[in-house]
Amino acid sequence: EYLVAGKLRNWNGPFQEVLSPIGVQGQPTVIGRYPLQGEEEALAALDAAARAYDHGRGSWPTCGVEERIRCMAGFAAGMKERREEIVRLIMWEIGKSLEDAGKEFDRTVDYIVATIDALKNLDRLSSRFVIEEGVVGQIRRAPLGVVLCMGPFNYPLNETFTTLIPALIMGNTVVFKPPKLGVLLHRPLLELFQSCFPAGVVNTVYGSGRQVVGPLMASGRVDVLAFIGSSKAADAIKKQHPKPHRLRCALGLEAKNPAIVLPDADLEATVRECVQGALSFNGQRCTALKMLFVHRSIADLFVGRLCTAVNSLKPGMPWDEGVQITPLPEPDKCGWLTELIEDAKAHGARVMNAGGGEVAGTLLRPAVLYPVNDAMQLYRVEQFGPLVPVAVFDDLEEPLDYVVASDYGQQLSIFGRDPRQLAGLIDRLTNQVCRVNLNSQCQRGPDSFPFTGRKDSAEGTLSVSDALRVFSIRTLVAAKGTEANRE
Ligand code: G3H
């Protein structure tokens with residue numbers, strides 16, 4: 001089924017099967033299917049969203065903040081009732097541990113509640129009157145129009161909703177294409193979208209990017225692109241808009257966040273943070289630590305402890321108690337990661353931990369690669385998987401040069417103790433990335449903190465409150481002190 005113009009419709013066309021990475025005995029197994037739609041369905045969804053917005057005449061943009069908050073609160077309440085079903089689908093579709101899938105769900109509901117609170121504050125601040133040079137002005141936050149919303153496979157619920165929810169609550173209407181890996185888990189929410197929001201406010205479309213995203217963008221009628229995924233895909237999508245200057249974007253893209261480990265770092269705490277930072281959800285996070293630079297004086301000691309910590313992580317199936325490494329959902333991912341390992345080995349690195357890089361079904365045992373250098377693909381490529389590259393530095397300018405030369409600019413971590421040295425580094429590095437983490441791993445949360453990136457890593461800032469601004473525009477009602485206005 002799919003949702004268009006307030007109606008849940010049955011699909012009579014072709015379907016794409018959905019493979020679970022953890023199916024039978026760890027081998028990918030079909031667990032469902034989704035419609036393979038095309039231009040006609042994409043444009044029907046777009047028409048419905050455009051009608052519901054209707055450039056100011058639809059009810060959703062004009063119904064008022066209180067009504068939109070009421071709808072959203074009803075949606076959050078309905079979501080909670082579907083927790084178990086959705087959490088299980090997250091697990092089956094992307095192999096996320098049951099515990100982490102539960103956290104993703106809860107974080108998403110918290111995000112909606114926080115968004116409602118943030119809007120109440122924003123609304124209080126934004127509809128104020130100002131008088132300047134004899135002109136009375138009322139500044140309002142107005143929606144932007146139709147948003148095309150697409151999320152990633154690694155947080156198929158949470159990251160999708162960190163754009164979908166603020167877009168909706170600000171009065172925009174949405175065409176929503178769920179991620180191909182993480183598509184089934186949105187099915188239980190379709191009735192809820194239908195019952196909580198007016199017809200046409202949320203519309204779904206399924207299928208390949210070429211078949212459905214292409215026609216949507218080429219129509220020139222998408223006002224905002226909300227996309228979380230690869231930088232290359234974002235570029236390709238944006239280019240299809242006939243007037244790119246009209247298109248606003250909220251993009252969460254690739255990153256290659258490095259850690260810089262200084263000689264005086266607390267080794268135990270650093271190893272702990274680096275392991276979590278590099279390998280939570282198998283390293284499949286845009287915020288993951290994807291390159292570790294360690295000072296030569298402690299490098300061997302650090303790598304030894306790192307390997308011990310990495311090998312203590314529990315591999316298994318996502319429903320296993322305490323599991324930390326699980327099967328990878330992307331087709332052929334193990335093969336590609338193995339190629340990266342082989343390339344690193346061919347250029348002088350070794351897999352340092354016993355069993356690192358071994359593949360069983362779709363599960364790849366985390367591999368610590370050392371010493372990594374710039375001849376290897378792994379040095380610059382975003383692995384988005386359980387590979388931990390470690391490079392050695394003698395001069396601190398070496399990792400700093402890496403940061404400056406990188407195509408990415410999301411976050412980094414520095415591990416060390418000398419406050420003066422850290423202060424100097426913070427001043428330099430906040431000019432290169434958007435978050436500097438001191439003695440801690442890179443991460444997105446807390447969700448009230450700004451989350452963005454420079455260069456190829458992001459466009460727009462997506463904290464709870466910043467996202468409300470991303471999906472709206474400040475407009476002005478102005479009245480001069482004329483006879484007519486005196487009335
Ligand atoms: O994949 C990118 C996510 O936004 C990362 O979020 O740091 O909370 O895991 P996280």
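Good morning. An oxygen atom of the ligand is 2.4 Å from an N or O atom in the side chain of Tyr155, a polar contact being a pair of N or O atoms within 3.5 Å. The protein covers 95% of the 310 Å² of accessible area that the ligand has on its own (Shrake-Rupley method, 1.4 Å probe).

This is a predicted model, in which local features need pLDDT of at least 70 and side-chain atom pairs count only at pLDDT 80 or more, while totals for chains, interfaces and linings use all residues. Residues are numbered from 1 along each chain as its sequence is written, and side-chain values use heavy atoms, with hydrogens and water left out.

Two further ligand oxygen distances concern Thr287, with a side-chain N or O atom at 2.7 Å, and Glu159, with a polar side-chain atom at 3.0 Å. Residues surrounding the ligand (a heavy atom within 4 Å) include Arg107, Arg285, Arg444 and Phe451.

The structure holds three cavities of 30 Å³ or more; a cavity is a set of points on a 1 Å grid over the protein atoms alone where a 1.4 Å probe fits but cannot get out, and lining residues have an atom within 4 Å of a point. A volume is the space filled by probe spheres set on the points, which are joined across faces, edges and corners.

The largest cavity has a volume of about 70 Å³. Of its 14 lining residues, the closest to its centre are Leu251, Gly252, Phe451, Thr452 and Ala458. The second largest cavity holds about 60 Å³, and its lining includes Lys256, Tyr402 and Gln410. Thank you.

Methods. 1 Å grid on protein atoms, 1.4 Å probe; cavity = no way out; pocket = protein on both sides within 12 Å on 5 of 7 lines; lining within 4 Å. Polar contact = N/O pair within 3.5 Å; in protein donor to acceptor, adjacent residues only side chain to side chain.
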